[in-house]
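Student: Hi! Could we go through this structure together, one question at a time?
Tutor: Gladly, let's have a look.

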Amino acid sequence: MDIATRVYNHKWKIDPIIRSLIDTDFYKLLMCQSVFRNKPQTEVTFSLINRSTSVPLAHLIDEGELREQLDHIRSLSLSRGESTWLRGNTFYGKRQMFRPDFMEWFESLRLPAYHLERVGDQYELTFEGKWHEVMLWEISALAVLMELRSRAVLNDMGRFELQVLYARAMTRVWEKIEQLRDIDGLSIADFGTRRRHGFLWQDWCVQAMREGLGSKFTGTSNCLIAMRREVEAIGTNAHELPMVYSALAADDAALARAPYDVLSDWHEEHDGNLRIILPDTYGTQGFLDHAPDWLAGWTGIRIDSGDPAAWAEVAIKWWQERGEDPLQKRVIFSDGLDVDKIAELHGKFAGRTKVSFGWGTLLTNDFRGLVPDDGLAPFSLVCKAISANGKPTVKLSDNPEKAMGPADEIARYKRVFGIGEQEHIDVIV
């Protein structure tokens, strides 16, 4: 595939930014089914948040082009082949992961309306409606904004200039893969959908990982690419679940229970490698200190904020104190990874626990230094649930730079969850 030529002619209709409702992360579909089953009447609002305010998205991206891409997404529905893959494929060793009632609903789904408004140099983009419907906008919205920004930067480049750019970027990815080849026992997956450079580029990166790493490459979070390239679809759950469950809590006592209520519902639906704890929504230490005993029996923990090595040590100690063998557990690192950090963490924890990596933005969007003014450098763009049934959501994280929500609610959540001083760590992606 000649990516440079496709990018040069990116207005071709064969290259819409989102080309399928399953051009999304696998965990989104797993969570969507859980919400469909457990919270079908919950009304949620999602909003785009650009943490990197130095990137003026509304200045770079034409509003009409953005609306065209968003409107295209609203026209999409599952194809017969996509439905067959979801209904009949084996995921995490389980057939019929997606229940018939959920699939019947999903097959008839068209994404609900969006609200788009320019505010200064940024876009205000929001989605409101039933939780299980609007949540599927998140990954698509992020991918559209990221790729339109890429297109805006590349728009004035000629065909040969683009060929050289992509040759350099491909070389960079392949050199990273060559470094990872030398790590014995590596287990790594592509987690790069939400902030990718573009669909074609993510697809190329997955193929390069598969060829270059062989069995060390365990799959991709992107369902469409997993289906087309016949690799494993990877993913479990995300902060969205405890954020919304917590917003629905009637009082402080219910708020303190909410993160565990989420996992209780998940426990009933999934087993094995899908039982992965994501503990940092309201602080990892407090979550583990108050966790019910049955959670220690889960398969592993995903570490997505704060100092990854420090929190892996906390997880190992927690398992030991609960009578669990860390060697039988899995720690998944997924925050801002690149090859040096992957090698460092693997060297530190391999042999003490099962170690896996979800490699995201710096796999699928590392064009740093390849264009003037570093115009393609990755930046931190998120699309989060900001309210549920009219009540604001809150995320605290193990890194206060990632905290979100109204100041008074952040203070309340810190009190309820016993959050003290936290280390500030720069957010790159």
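Tutor: One definition before we start: a contact means heavy atoms within 4.5 Å. Keep in mind, too, that this is a predicted model.

Student: What percentage of the residues count as buried?
Tutor: A residue is buried when its relative accessible area is under 20%. Applied to the 429 residues of the chain, that gives a buried share of 59%.

Student: Which residue does the UniProt record mark as a phosphohistidine, and where is its place?
Tutor: The annotation "modified residue: Phosphohistidine" comes from an unreviewed UniProt entry and covers H239. The place of H239 is in the loop between α11 (223–229) and α12 (240–247).

Student: Is H239 buried or exposed?
Tutor: The cut-off for buried is under 20% relative accessible area. H239 has 4%, so H239 is buried.

Student: Which residues is H239 in contact with, leaving aside its neighbours within four places in sequence?
Tutor: With those neighbours left out, we look for residues elsewhere in the chain that H239 is in contact with. They are L278, D280, T281, D304, K384 and K395.

Student: E230 lies in the loop between α11 and α12 as well. What is its phi, and is E230 buried or exposed?
Tutor: Most residues other than glycine have a negative phi. E230 is not a glycine, yet its phi is positive, at about 55°. Exposed means over 50% relative accessible area. With 72% relative accessibility, E230 therefore counts as exposed.

Student: And Y92: where does it lie, and what is its phi?
Tutor: Y92 lies in the loop between β2 (90–91) and β3 (94–95). At 28% relative accessibility, Y92 counts as partly exposed. Y92 is a residue other than glycine with a positive phi, and the value is near 50°.

Definitions and conventions: Residues are numbered from 1 along each chain as its sequence is written. This is a predicted model: local features need pLDDT of at least 70, side-chain atom pairs count only at pLDDT 80 or more; totals for chains, interfaces and linings use all residues. Side-chain values use heavy atoms; hydrogens and water are left out. UniProt positions are given in the numbering used here, feature names are shortened, and annotations may be inferred rather than shown by experiment. Helices (H or I, at least four residues) and strands (E, at least two) are DSSP runs, numbered from the N terminus. Buried means under 20% relative accessible area, exposed over 50%, partly exposed in between (1.4 Å probe, protein chains only).
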